[in-house]
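Please look over the chain shown here with an eye to its charged side chains and its overall build. The report below begins with one residue and then widens to the whole fold.

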Amino acid sequence: MIEYIPAKTIVTRTKSSGWFGMDYNMNIYKGCCHGCIYCDSRSECYHIENFGKVRAKENALQIIRDDLRRKVKKGVIGTGAMSDPYNPFEEKLCLTRHALELVDAYGFGVAIATKSPLIVRDIDILCSILEHSPVLCKITVTTARDELAAKIEPGVAVSSKRFQALEKLRDKGIFAGILLMPVLPFIEDSEENIKAVIEHASESGCNFIYPAFGMTLRQNQRDYYYEMLNRIFPRENLVGKYRSQYGSAYECHSPKAAQLYRMLGEECKKRGMLYRMKDIVHAYKKNYGDNQMNFLDMI
């Protein structure tokens, strides 16, 4: 049974619309049970105790309705930044689904980030929102190998299921693609893996792939990640490689990042997929009015 926590507001203004052109954030849940070994949200700076436990915000739908009614300016509402809106509890609670109905009713757009195929349940509402506002669906995939995905993201559907979800979204004309991040150094940053992800994305009809070749490590998250590396890959001495390569650095870029980015750009161009932020935002907002086009200049 899920625990509920109090909240005063849920739909909040973003500090910048630079990240996928979003104007507002909406997090209905707190915590995540996906168990991804690399998750930065586990870091102490976010002040989320017992991050692996999912909690829902009390009276979430009423608060969201009131938040939307007070917004003077329409825009794109992002969800999934800190907690996946399609965690296992969502299947029965339907809080994300009903929140999307409110987003639709009040004339806002939406940008969803998730790892769960459950998003396809709400295709009908996403199509309804699409009639008046931008819709962007981002599904995280960092490896084409199901067995590797099961090890580093044990509480979520394997990659092949996520590619199937992307294909279903695209079949309905919804702008959808892949968040290729974080690409874990020494584990996923091979040209073979990245090319395989690109190929599967293309076969699924994805509009885009947005990459980050590397990861972040800080505070207690580093200790947790290293513990999991030793447990999952006991013979590879990955912790030693990380310590040698990065020391205590927060940003841990893949040693192959520049090479992989060039390769990804070339492969995406061949397949007609976008990979740069400004192009992705322009493409999913292009058929809508100026009130949705707050995103102007991005690299």
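Arg65 counts as partly exposed, with a relative accessibility of 32%, where buried means under 20% relative accessible area, exposed means over 50% and partly exposed lies in between, calculated with a 1.4 Å probe on protein chains only. The side chain of Arg65 meets that of Asp66 in a salt bridge at 3.2 Å, N to O, a term that requires a side-chain nitrogen of Lys or Arg within 4 Å of a carboxyl oxygen of Asp or Glu.

This is a predicted model, in which local features need pLDDT of at least 70 and side-chain atom pairs count only at pLDDT 80 or more, while totals for chains, interfaces and linings use all residues. Residues are numbered from 1 along each chain as its sequence is written, and side-chain values use heavy atoms, with hydrogens and water left out.

By the salt-bridge rule the count comes to 15, and three of these pairs are set out in the table.

| Salt bridge | Distance, N to O |
|---|---|
| Lys53 and Glu3 | 2.6 Å |
| Asp66 and Arg65 | 3.2 Å |
| Arg121 and Asp122 | 2.9 Å |

Lys53 lies in the loop between strand E4 (29-30) and strand E5 (55-57), whereas Glu3 belongs to strand E1 (residues 3-5), so their pairing ties together parts that are 50 residues apart in sequence. Lys53 is partly exposed at 35% relative accessibility, and Glu3 is partly exposed with a relative accessible area of 35%.

In the pair of Arg121 and Asp122, Arg121 is partly exposed with a relative accessible area of 25%, but Asp122 is buried at 0% relative accessibility. Through salt bridges that share partners, Glu90, Arg97, Arg121, Asp122 and Asp124 are joined into one network.

Turning to the whole chain, the protein has 11 helices and 12 strands, which are DSSP runs numbered from the N terminus (helices H or I, at least four residues; strands E, at least two). The radius of gyration is 19 Å, close to the 19 Å that the globule rule gives for 299 residues, so the chain is as compact as a globular protein of that length; the radius is taken over C-alpha atoms, and the rule is 2.2 Å times the number of residues to the power 0.38.

Of the 299 residues, 54% count as buried. Among contacts (heavy atoms within 4.5 Å) between residues at least 6 apart in sequence, 78% join residues at least 24 apart.
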